[in-house]
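Subject: Structure handover

Hello,

Here is the structure I promised to pass on. Please open it and keep it beside this note while you read.

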Amino acid sequence: MIKLLHVIAIGALVSSAVYAYSIKYETTLAAEQLQKMRAKTQRERDAIAVLKAEWQFLNRPDRVQTLSERHLDLQPFTTTQVVKASEIPNRGPKVDAIGRKLEDLGLGVPTETPKNTKQSGTTPGPMR
């Protein structure tokens, strides 16, 4: 009976040591993963800072102005380019190009595009 108690006690000590070692191993593994994530986060932050610095360099107004003068061949703005809203021509009627071509070929019935009708977003229901 005493031997059995000794075996149980030794087994309990061994199992508790194994359990403590597994917890230590998991903790060490989690700490290493945390350090890797922190290092990766810092590398990404550094990369973002480099990209921001490059963007600030490329987005300088004097540089953009120089590039536009060199490559775009823009003309100065004149007052004749400004028009009143009343001088803008109205939009022409909506034309069904395919239907017009079929009519020209004699394959379709002449259709008229309705003027000044507003289309609703719903489909028409049955007539009552």
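Is Arg60 buried, exposed or partly exposed? Arg60 is partly exposed, because its relative accessible area is 31%. The classes work like this: buried means under 20% relative accessible area, exposed means over 50%, and partly exposed lies in between (1.4 Å probe, protein chains only).

Some ground rules. This is a predicted model with residues numbered from 1 along each chain as its sequence is written, where local features need pLDDT of at least 70, side-chain atom pairs count only at pLDDT 80 or more, and totals for chains, interfaces and linings use all residues. Side-chain values use heavy atoms, with hydrogens and water left out.

Confidence comes next. The mean pLDDT of the protein is 83 (pLDDT is the predictor's confidence in each residue, from 0 to 100). A share of 83% of the residues reach 70 or more. Helix 1 has the highest mean pLDDT of the elements, 95. Helix 3 (residues 97-105) has the lowest, 79. Where pLDDT is low, the predicted coordinates should not be read in detail.

Now the fold. The protein has 3 helices and 0 strands. Along the sequence the pattern is α-α-α. Helices (H or I, at least four residues) and strands (E, at least two) are DSSP runs, numbered from the N terminus.

The surface follows. The accessible surface comes to about 13000 Å² (Shrake-Rupley method, 1.4 Å probe; for residues, only the protein chains shown count as cover). Carbon and sulfur atoms hold 62% of that surface. Buried residues make up 2% of the 128 residues.

Look at the start of the chain. Met1, Ile2, Leu4, Leu5 and Ile8 make a nonpolar surface patch of about 590 Å². Patch residues have over 30% relative accessible area and no salt bridge; like charges are joined within 9 Å, and nonpolar side chains (Val, Leu, Ile, Met, Phe, Trp, Tyr) within 5 Å. Ile2 belongs to helix 1 (residues 2-58). Ile2 is exposed, at 56% relative accessible area.

Back to Arg60. Arg60 forms a salt bridge with Asp62, their closest N and O atoms being 3.9 Å apart. The rule is a side-chain nitrogen of Lys or Arg within 4 Å of a carboxyl oxygen of Asp or Glu. By that rule the count is 1 salt bridge.

Last, Ser68. Ser68 sits in helix 2 (residues 61-71). Ser68 is buried, at 14% relative accessible area.

Best wishes
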